[in-house]
Amino acid sequence: MPHLVSTGVDGLDSILGGGITERSTVLVSGNPGTGKSIFGIQYLYTGVTEHGDRGVYVSFEENEEDIREAAESVGFEEFGDLVDDGEIVILDKREMLRIEDFTETIDRLLETVAEGEFDRLVLDSLSMFQLFFEDEHEKRTSLLKFSDILKESGLTSLLINEQGAVFPDTEIGLENFLTDGNVYLIQTPTESGVNRYVWVAKMRKQDIDTDIFPLEIGPGGLTVHDQAGGFAMMERSESPF
């Protein structure tokens, strides 16, 4: 049995049979506002506080101050202290976007990983990361290389991906096939606000529950409820979306 790494999200580990396989790369996709970045923060925060796993947060979209504020907004008050203590290292957009070459970006990340023993990584977002590449072949080759480097470095990684479509099956990119797992965060409008859901579509080497489950964002971050949404993503005519 592979060793599993807890996501830190109540309810999600149960869907996954205990967590995600160690040294895997998992794609976390969703449209804006679904909680992808909070998921990444929660994954690193609980990794340190509950399991002693040090983490790296690579952001091409936010400054370090924005990431700290996002963590505090859901009650992770110690997040900033963990960054100050070096338990979580943030490489933010001010640093990463100064680099215009993929190789230099990888080298900067490897320098950080080599400086300490890290267990977890979050890349936010893969959509921005892919702007380094000019064609699909280069993108595929570089993404495979990047994934291999993360695994060889002993990292269990979440790659956050911005998705424009509400329904995952309408927008499937190359990255979905090159990662070990695919997790979709979904939100749909209602008269009183939005309903949120999580769908684990793929997780290699694991027996997972592929139903769609209700998701909430509040104090303590993301929470997944164990009652399934009662519909299949591929049967949209019968779904509440």
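The model is predicted, so to speak, throughout: local features need pLDDT of at least 70, side-chain atom pairs count only at pLDDT 80 or more, and totals for chains, interfaces and linings use all residues. Numbering starts from 1 along each chain as its sequence is written, and side-chain values use heavy atoms, with hydrogens and water left out.

Salt bridges come up first. Taking a salt bridge as a side-chain nitrogen of Lys or Arg within 4 Å of a carboxyl oxygen of Asp or Glu, a search of the whole structure turns up nine. One of them pairs Arg-68 with Asp-84, with the closest N and O atoms 2.6 Å apart. That pair links distant parts of the chain, with Arg-68 in helix α3 and Asp-84 in helix α4, 16 residues apart; helices (H or I, at least four residues) and strands (E, at least two) are DSSP runs, numbered from the N terminus. Glu-64 joins Arg-68 and Asp-84 in a network of salt bridges. Asp-84 itself is exposed, at 54% relative accessibility; here buried means under 20% relative accessible area, exposed over 50%, and partly exposed in between (1.4 Å probe, protein chains only).

Helix α6 (residues 102-115) holds both Glu-111 and Arg-108, three residues apart, or about one turn of the helix. Their salt bridge has its closest N and O atoms 3.8 Å apart, and Glu-111 is partly exposed at 45%. Another salt bridge joins Asp-180 and Arg-204 (3.3 Å, N to O). Asp-180 sits in the loop between α9 (175-178) and β8 and Arg-204 in the loop between β9 and β10, so the pair ties together parts 24 residues apart in sequence. Asp-180 is buried, with a relative accessible area of 11%, while Arg-204 is partly exposed at 38%.

Lys-205, in the loop between β9 (193-203) and β10 (212-218), has a positive phi near 70 degrees without being a glycine, and is exposed at 73% relative accessibility. Arg-23 also has a positive phi, of about 65 degrees; Arg-23 lies in the loop between β2 (20-21) and β3 (25-30) and is partly exposed at 44%. The peptide bond from Asp-124 to Ser-125 is cis, with omega near 5 degrees, and Ser-125 belongs to the loop between β6 (120-124) and α7 (126-129).
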